[in-house]
Amino acid sequence: MGARAVRGAAALVGAAEFAGLAARLRARAQAGGAGGPRGALAYLTPTQVRVAAGEIRTGRSISLAAPVETRPSPDNPVPARHEMTAWHRPEAGASGHGLHFSRDRFATNVHGDADTHLDALCHVVYDGTLHGGVPASTVTADGARELTVALVRDGIVGRGVLLDLPRLRGVPWLEPGEQVTAGELAAAETAQGVRVREGDLLLVRLGHRRRRAELGPWDPAEGRAGLHPEAMEFVADRRVAVLGCDGNSDAAPSRTEDVAYPVHVLAVHALGVHLLDYLRLEDLAPVCAAEGRWSFFCVVAPLRLPHATGSPVNPIAVL
């Protein structure tokens with residue numbers, strides 16, 4: 001599919017059309033066994049994990065996370081706060097002899113627009129419910145009681161697949177506001193000689209990080225490349241377990257009537273798919289291209305946060 005045709009496909013999705021799409025995807029998730037508390041992770045079985053281990057050939061590991069930033073920027077106005085609580089200070093009379101410790105602490109906004117993180121299934125509230133019809137009242141000022149990040153306390157381990165959309169289009173990155181359709185995801189598979197299978201961790205590169213590095217940060221709420229809502233048909237067809245992106249999967253401004261984050265609603269709420277937001281895929285993509293392979297063993301290890309709606313993560317691809 002040509003880039004010009006794809007860009008022109010981002011027509012407004014009406015409220016009735018979106019409601020119908022959400023209902024179809026929800027029904028497919030329930031019929032496929034992904035309607036329960038683990039959502040689409042039901043597709044990722046121990047057998048598939050063992051098979052995924054066969055993706056390891058060279059043993060090279062690559063981080064898929066961006067460095068945590070502590071300075072404000074247009075896309076990160078409230079950055080992580082890093083505070084040193086103890087360090088060696090000879091000027092304060094500290095002796096250079098004996099045992100000393102350096103200590104620090106971090107405070108972070110998990111669901112920001114810069115740091116890499118995982119969205120738990122309790123993150124998205126739509127029409128008063130969470131995924132699987134769990135009442136939104138289960139999330140209170142004290143934290144979430146259902147569908148929390150604690151559901152993945154043992155990690156998410158499986159076969160990762162990278163689809164590189166700028167590579168398909170022959171551009172360094174997708175511009176803010178551009179959207180990727182289901183047909184274009186399938187075209188990327190064909191061009192890269194790979195196929196997304198049931199239980200895979202699907203990672204989609206849009207070039208967000210490269211654009212940010214070369215042109216500087218901007219406010220992604222004003223413009224951000226992402227997936228078209230109908231691309232979730234591809235995710236449902238392939239029974240993807242986890243969806244990750246170097247943006248947050250949603251394009252901005254939204255072209256869906258009355259829904260600011262349609263992909264979040266369809267992925268998390270309807271399909272039960274955990275999202276990985278703001279990955280850094282710039283280190284992985286050239287290695288995959290050089291080796292001529294776009295699948296790999298992937299490990300995602302969230303922090304053990306019992307009542308949290310998400311967690312910072314440092315996903316690792318092992319080739």
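Two strands are taken to pair if DSSP finds at least two bridges between them. Helices (H or I, at least four residues) and strands (E, at least two) are DSSP runs, numbered from the N terminus. The model is predicted: local features need pLDDT of at least 70, side-chain atom pairs count only at pLDDT 80 or more, and totals for chains, interfaces and linings use all residues. Residues are numbered from 1 along each chain as its sequence is written, and side-chain values use heavy atoms, with hydrogens and water left out.

An open sheet is formed by nine strands. Their order is β1-β15-β13-β7-β9-β11-β12-β4-β14, and the pairing is mixed. Strands β1 (61–63) and β14 (310–312) are the edges, each pairing on one side only. From one strand to the next, the twist averages 25°. Axes are lines fitted to C-alpha atoms, for helices over the stretch in contact, and angles run from 0 to 180 degrees between N-to-C directions. Helix α5 (residues 182–192) packs on the sheet. This helix touches β7 (156–164) and β9 (201–205), where contact means heavy atoms within 4.5 Å. The direction of α5 makes about 90° with that of β7.

Strands of a sheet pair through backbone hydrogen bonds, either parallel or antiparallel. β7 and β9 pair in the parallel sense over five bridges. Here leucine 163 stands opposite valine 204 in β9. On to β11 (residues 242–245), β9 pairs in the parallel sense over four bridges. Leucine 202 stands opposite leucine 243 in β11, and valine 204 stands opposite cysteine 245.

Burial is scored by relative accessible area: buried is under 20%, exposed over 50%, and partly exposed in between (1.4 Å probe, protein chains only). Five of the five residues of β9 are buried, so this strand is largely enclosed by the rest of the structure. Both of its faces are covered. Leu201, Leu203 and Arg205 lie on one side, and Leu202 and Val204 on the other. In a regular strand the side chains alternate between the two faces of the sheet. In β11, Val242 and Gly244 point one way and Leu243 and Cys245 the other way, and all are buried.

Three bridges join β11 to β12, which run parallel. Leucine 243 stands opposite leucine 275 in β12. The chain crosses from β11 through α8 to β12. This β-α-β crossover is right-handed: with the strands pointing away from the viewer, the path from the first strand over the helix to the second runs clockwise.

Helix α8 (residues 262–270) is largely enclosed by the rest of the structure, because nine of its nine residues are buried. Among them are His264 and His269. The cover over these buried residues includes α2 (15–31), β4, β10 (226–227), α7 (232–237) and β12. Just after α8, glycine 272 takes a positive phi of about 70°.

Strand β4 (residues 117–119) pairs with β12 (residues 274–277) in the antiparallel sense over three bridges. Leucine 118 has leucine 276 as its bridge partner in β12.

Arginine 211 sits in helix α6 (residues 208–215). At 15% relative accessibility, this arginine counts as buried. Its side chain makes a polar contact with the side chain of glutamate 175 (3.1 Å). A polar contact is a pair of N or O atoms within 3.5 Å; within protein, one must be able to donate a hydrogen and the other to accept it, and residues adjacent in sequence count only if both atoms are side-chain atoms. Leaving aside neighbours within four places in sequence, arginine 211 is in contact with Trp173, Leu174, Glu175, Pro176, Gly216 and Trp218.
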